Amino acid sequence: MSLKKYLLNIPETAEKRIVIVGGGFGGLKLALKLYKKKFQIVLLDKNNYHLFQPLLYQVAMSGLEPSAISFPLRKVFQKTGIHFRMAELETVIPSDNELVTNIGRLKYDYLVLATGAKTNFFNQDQIEKYALQMKSAPDALFIRNRVLENFEKALNKISEEDIKSYLNVAIIGGGPTGVELAGAMAEMKKYVLPKDYPELDMHNMKIMLFEASPRLLSGMSESASASALKYLINLGVEVFTGTPVQDYDGTILSLPGGASIDVKTVIWAAGINSARIDGIDDRSYGRNNRLLVNSVNQVSGYENIFAIGDNALMTASSYPNGHPQVAQVALQQAHYLAYNLRQLTKNRPLKPFHYTDKGSLATVGRHLAVADLPFARFKGYFAWLLWSIVHLFSIVGVKNKLIVLLNWSWKYLTYDQSLRLLVKHKSKN
Ligand SMILES: Cc1cc2nc3c(=O)[nH]c(=O)nc-3n(C[C@H](O)[C@H](O)[C@H](O)COP(=O)(O)OP(=O)(O)OC[C@H]3O[C@@H](n4cnc5c(N)ncnc54)[C@H](O)[C@@H]3O)c2cc1C
């Protein structure tokens, strides 16, 4: 029998079954809020771990191992009674209240889609083929590998032009991810790479950050953008705003006006969209494939299907294009939905979602960060300290917090990081 026809082995109970797809910020929070209530909770994720994406860039820049920012979902769910299956959602059949995954089918009473977002290459196929992205733990490891591998290759090149193209790094997208990556790369160039590669002249390495819009961190205040720009320039990053990259063929990065640069490491951090789910009506999707939801996160056209987090598009007077795709929105929507699902089963009124913006932070490097909080804007050392504390406390698991703290302290004291293993697939050895 095909796996897809097989009914997943989850016990039938008298309780309503809530199937949550996605164990990211939104899905995990929702499951943990509901498991003590009178529901049967089934959580599906294509991976068996929860990933703390905000620190992915440190994995890419050899600062942390992926295990420090990932937490096994089965461990989180110990003693909760939550049923976890590592499964990838493929199709929803709303008329039968059933979904199809790569390992079998499953009935639901309520379905919550918390599947997050993916990298948006804006239909630029060549760029998608040759540039690196940073949305998952393997993506971050690929970046780490590519940077280190290209440095190893540069050692064996003769012409200066060749050497430069292997050392150069271009980051596309001047949002928080691009800015954080560029800053971390610049610190690596300053403190780590000259010691590891004394035979290479670091003046041959350019770190370039390209942003199509007129300023970096366009979701933050103008003063935060200006400070981030100043910090990056001081760290030696070449920043090009108002510069939409045209194409990339694996070696040549094409820029507006016919200009081009030879660069072997290109990282695309210029946008996200969501993956469409088979079986959900096309009319239920809005901009960037986000699912249109009402003020209680119900997907347009369906009574018992909900979406939260990055893949949900809820418009409100202060957010006409939907809420920002950040962890706080996913967490807060999970909180409201947990309440509303309980209200729904009791036929009581539902509470419309209201987003409490706790502010934005972005870091560029040691003692360099910007903070836009509802009550204050600041930058520099205190913003960096706040960024560090907020991120440390947000990581799931005490052990992970300690590992991250240890790595950060080591790096802080020694100006070095020790995780520079080049992990290759067996066939490439
Ligand atoms: C590099 C990076 C840096 C970021 N930095 C910050 C930051 O500093 N601050 C901030 O607030 N936000 C940041 N974000 C955004 C933040 O991570 C997201 O807003 C947040 O993760 C959204 O939560 P979510 O639950 O909607 O989705 P996610 O946390 O992305 O979770 C989605 C889950 O769904 C699973 N999944 C997807 N498709 C399927 C499927 N078909 N079947 C089964 N499972 C599936 C995935 O494996 C994943 O576990 C960053 C994101 C990235 C990529």
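Modeller: Before this structure is read, one term is required: two residues are in contact if their C-beta atoms, placed from the backbone, lie within 7 Å. The model is a predicted one.

Biologist: Which elements cover the buried residues of H9?

Modeller: The cover includes two kinds of element. Helix H7 (176-191) is one of them, and the strands include S13 (207-210), S14 (238-240), S23 (360-365), S24 (368-372) and S25 (377-379).

Biologist: Which residues of H9 are buried?

Modeller: A residue is buried if 20 or more other C-beta atoms lie within 10 Å of its own. In H9 the buried residues are Ala224, Ser225, Ser227, Ala228, Leu229, Tyr231 and Leu232. As background, an α-helix has 3.6 residues a turn, so residues three or four places apart point the same way.

Biologist: What should the 13 residues of helix H9 span?

Modeller: The reasoning takes 1.5 Å a residue, so that H9, residues 222-234, should span 18 Å. Just after the helix, Gly236 has a positive phi of about 95°.

Biologist: How is Lys230 to be read: buried, partly exposed or exposed?

Modeller: Lys230 belongs to helix H9. Because 14 other C-beta atoms lie within 10 Å of it, Lys230 is partly exposed. Its C-alpha atom is 35 Å from that of Gly397, a residue 167 places away along the chain.

Biologist: What does the same check of span give for helix H12?

Modeller: H12 has 17 residues, 398-414, and at 1.5 Å a residue should span 24 Å; its end C-alpha atoms are 24 Å apart, so the two values agree. The residue that follows H12 is Tyr415, with a positive phi near 60°.

Biologist: Where do other positive phi values occur in residues that are not glycine, Lys79 for instance?

Modeller: Lys79 has a positive phi of about 65° and sits in the loop between helix H3 (73-76) and strand S5 (83-86). It counts as exposed because it has 6 C-beta neighbours inside 10 Å, and the limit for that class is 12 or fewer. Asn97 is a further case, with a positive phi near 50°. Asn97 is placed in the loop between strand S6 (89-93) and strand S7 (98-101). With 17 other C-beta atoms within 10 Å, Asn97 is partly exposed.

Biologist: Which domains does the assignment of the protein chain give?

Modeller: A domain may be built from separate segments of the chain, and here the assignment gives domain 1 as 3-46 + 87-117 + 274-345 and domain 2 as 125-271 + 360-428. The C-alpha centres of these two domains lie 33 Å apart.

Biologist: Which members of the largest nonpolar core touch the most other members?

Modeller: The largest nonpolar core has 120 residues, and Val112, Ala228 and Leu232 touch the most other members. Domain 1 and domain 2 each give this core at least three residues. Leaving out residues up to four places away in sequence, Val112 touches Ile18, Ile20, Val21, Leu30, Phe306, Ile308 and Leu337.

Biologist: Which residues come nearest to the ligand?

Modeller: There are 31 residues around the ligand, and Gly22, Gly24, Gly26, Gly116 and Gly309 come nearest. Elements that give two or more residues to this shell are helix H1 (25-34), strand S2 (39-45), helix H2 (56-60), H7 and helix H10 (327-345). By class, the shell divides into 13 nonpolar, 13 polar and five charged residues. Domain 1 and domain 2 each supply at least three residues to the shell.

Biologist: Is Met188 buried or exposed?

Modeller: Met188 lies in helix H7, and it counts as buried because it has 22 C-beta neighbours inside 10 Å. Apart from neighbours within four places in sequence, Met188 is in contact with Met61 and Leu193. Met61 is 127 residues away along the chain, yet its C-alpha atom is 7.7 Å from that of Met188.

Biologist: Is Lys36 buried or exposed?

Modeller: Lys36 has 10 other C-beta atoms within 10 Å and is therefore exposed. It is placed in the loop between H1 and S2. Between the C-alpha atoms of Lys36 and Thr80 the separation is 7.7 Å, although 44 residues part them along the chain.

Note on methods:
Residues numbered from 1 in each chain as written. Predicted model: local features only at pLDDT ≥ 70, side-chain atom pairs only at ≥ 80, totals over all residues. Helix = DSSP H or I, 4+ residues; strand = E, 2+ residues; numbered from the N terminus. Expected span 1.5 Å × (residues − 1). Domains from an automatic or database assignment. Core = buried A, V, L, I, M, F, W, Y, C linked by C-beta atoms within 7 Å. Near = placed C-beta within 6 Å. Nonpolar A, V, L, I, M, F, W, Y, C, P; charged D, E, K, R; others polar.
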